[in-house]
Amino acid sequence: MELVLFYGVPAGCSFGSIVALEWLGKPYRLSRVEMMEHPWNPLYAKINPQFQTPALLLESGDTLTESMAILKHLAARNASANLGAAGGSMQDDRLNEMLAYLNTDFFSAFNPLWVAYEMEDLDDAQKALLRTIGQKAVVKGCTYLNELLADREWLLGGGQRSIADAYLSGIGRWMQYHQLFDLEQEYPHLARYLQKLANDPAAIFATAIEKGEEPVGSGAFKGHITLDALRSRLDPGDDNKKVN
């Protein structure tokens with residue numbers, strides 16, 4: 001049985017995990033979660049009691065949540081793909097450092113913008129305040145990343161991509177999604193880097209998946225599977241109850 005990644009739409013950060021799976025090249029399936037539709041299927045609590053994406057169902061039946069944990073796990077599954085680094089090495093320290101920054105500081109900078117987008121009961125003044133707060137935080141993050149990428153091809157430097165690049169391929173889209181500023185004019189190095197990521201076959205595949213299309217990809221993708229179809233893997237006792 002293949003790995004199953006639960007990914008969220010629209011514009012979920014789980015996009016980066018799909019990119020990493022395509023780079024990894026090992027067989028996997030996807031399960032789509034419409035994040036704006038409520039209530040979520042209660043069976044998803046078996047995957048993540050917090051009802052968030054991404055989440056990864058392993059062959060053993062164990063689950064992983066949180067992008068950092070999922071991406072580190074994927075990198076470790078195939079060292080030859082060079083998406084991670086040897087544990088205990090300085091390169092691994094730098095990878096953890098970058099993942100932590102992206103997953104905390106940069107990710108959280110967008111939180112006020114998502115609140116303004118999702119909460120329908122806010123008035124115009126409240127939404128404007130949230131957008132101002134969010135934009136200020138995003139500007140700080142973009143300034144840092146733009147300077148970092150001035151002389152780098154990838155986030156960690158050198159000529160090798162990593163799971164950190166996969167993760168940023170997802171959340172980096174949020175500047176355009178929220179239409180904050182002219183990224184190419186204000187942050188040209190970051191814009192150049194994000195465009196390169198967007199043109200990567202794995203990102204093109206992930207974009208098509210989010211749109212509900214049926215792309216071919218690297219060949220590792222073995223199709224979608226519904227949450228209910230996974231019931232026996234998530235809750236074996238439930239099937240036993242039905243038999244009895």
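Tyr 28 stands opposite Phe 221 in strand 5. Strand 2 (residues 28–34) and strand 5 pair in the parallel sense over two bridges; pairing of two strands requires that DSSP find at least two bridges between them. Helices (H or I, at least four residues) and strands (E, at least two) are DSSP runs, numbered from the N terminus.

The model is predicted: local features need pLDDT of at least 70 and side-chain atom pairs count only at pLDDT 80 or more, whereas totals for chains, interfaces and linings use all residues. Residues are numbered from 1 along each chain as its sequence is written, and side-chain values use heavy atoms, with hydrogens and water left out.

The sheet is open and has five strands in the order 4-3-1-2-5, with mixed pairing. Strand 4 (63–65) and strand 5 (221–224) each have a single partner strand, so one side of each of these edge strands lacks a neighbour in the sheet. From one strand to the next, the twist averages 25°.

Helix 2 (residues 67–77) packs on the sheet, where it touches strand 1 (3–9), strand 3 (55–57) and strand 4; contact means heavy atoms within 4.5 Å. The direction of helix 2 makes about 125° with that of strand 4. Such angles run from 0 to 180 degrees between N-to-C directions, with axes fitted to C-alpha atoms, for helices over the stretch in contact. Helix 10 (residues 201–210) lies across strand 1, strand 2 and strand 5, at about 45° to strand 2.

Asp 165 belongs to helix 6 (residues 163–171). Beyond its neighbours within four places in sequence, Asp 165 contacts Trp 23, Trp 154, Leu 155, Tyr 193 and Leu 197.
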